[in-house]
Amino acid sequence: MGLMRCILPRRNKSKPPPPPPSPSPSPSSTSPATPTLAAETPTKQLERVFNKFDSNGDGRISSSELAAIFRCLGHPPTDEELEIMMGEADFNGDGYISLEEFLDLNTNKVDAKAALEDLRHAFSVFDMDRNGSISVDELNKVLRSIGEGATMAQCKKMIDGVDQDGDGFISFEEFKDMMMGPSFTPASIDRVE
């Protein structure tokens, strides 16, 4: 399931996970009322995603929480897909995905070809009408489906912050630039296409 790999990419389970990252300060320009993922550090962005999955706030993602997010996004996983995703993500085998496992899976040795495929799949979740761009309305619908209370004005502001050509939409190239950011691991992703 490509969407899961976008959030929890495949990794080699033979090495132990790295120590948890040190906390990074929150950007002073970020207002809690306005989601501004582009202004956050990559670790903070991943923590926000983790917290969306961890709906009961116990510090770990269960298979039922994982399934619930995918159902909200319109991609209900089968039991087999859920088992595979949990198996790939749960490094210590306790049946849950911890924040450390989540961060490790999203920051270490992501294959460039797989990362590009995952970005395309993630883009397709937002591009609901399949026209090759993400509109303000589509962004708002997806954010609402996962419990983000972003207004249309806030969604427009988010799109304006990513929209490089000024057409009012996010193309795949703009989405890729936003998602990769300065700390994206696979430096060769532009050569994979």
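Is valine 125 buried or exposed? I looked this up first. Valine 125 counts as buried, because its relative accessibility is 8%, where buried means under 20% relative accessible area, exposed over 50% and partly exposed in between (1.4 Å probe, protein chains only).

I note that this is a predicted model, in which local features need pLDDT of at least 70, side-chain atom pairs count only at pLDDT 80 or more, and totals for chains, interfaces and linings use all residues. Residues are numbered from 1 along each chain as its sequence is written, and side-chain values use heavy atoms, with hydrogens and water left out.

I then located valine 125 in helix α6, residues 112-126 (helices are DSSP runs of H or I, at least four residues, numbered from the N terminus). From valine 125 to histidine 75 I found 8.8 Å, C-alpha to C-alpha, although they are 50 residues apart in sequence.

Next I examined α6 with helix α9 (residues 172-180): their axes come within 10 Å and cross at roughly 115 degrees (axes are lines fitted to C-alpha atoms over the stretch in contact, and angles run from 0 to 180 degrees between N-to-C directions). Contact means heavy atoms within 4.5 Å. Among the residues making this contact are Leu116 and Phe123 of α6, and Phe172 and Met179 of α9.

Finally I turned to the largest nonpolar core, of 19 residues, where Phe53, Ile61, Leu66, Ile97 and Phe102 touch the most other members. Such a core is a set of buried Ala, Val, Leu, Ile, Met, Phe, Trp, Tyr and Cys residues joined through side-chain atoms within 4.5 Å. A second, separate core of 17 residues includes Leu116 and Ala122.

Terms used. Helices (H or I, at least four residues) and strands (E, at least two) are DSSP runs, numbered from the N terminus.
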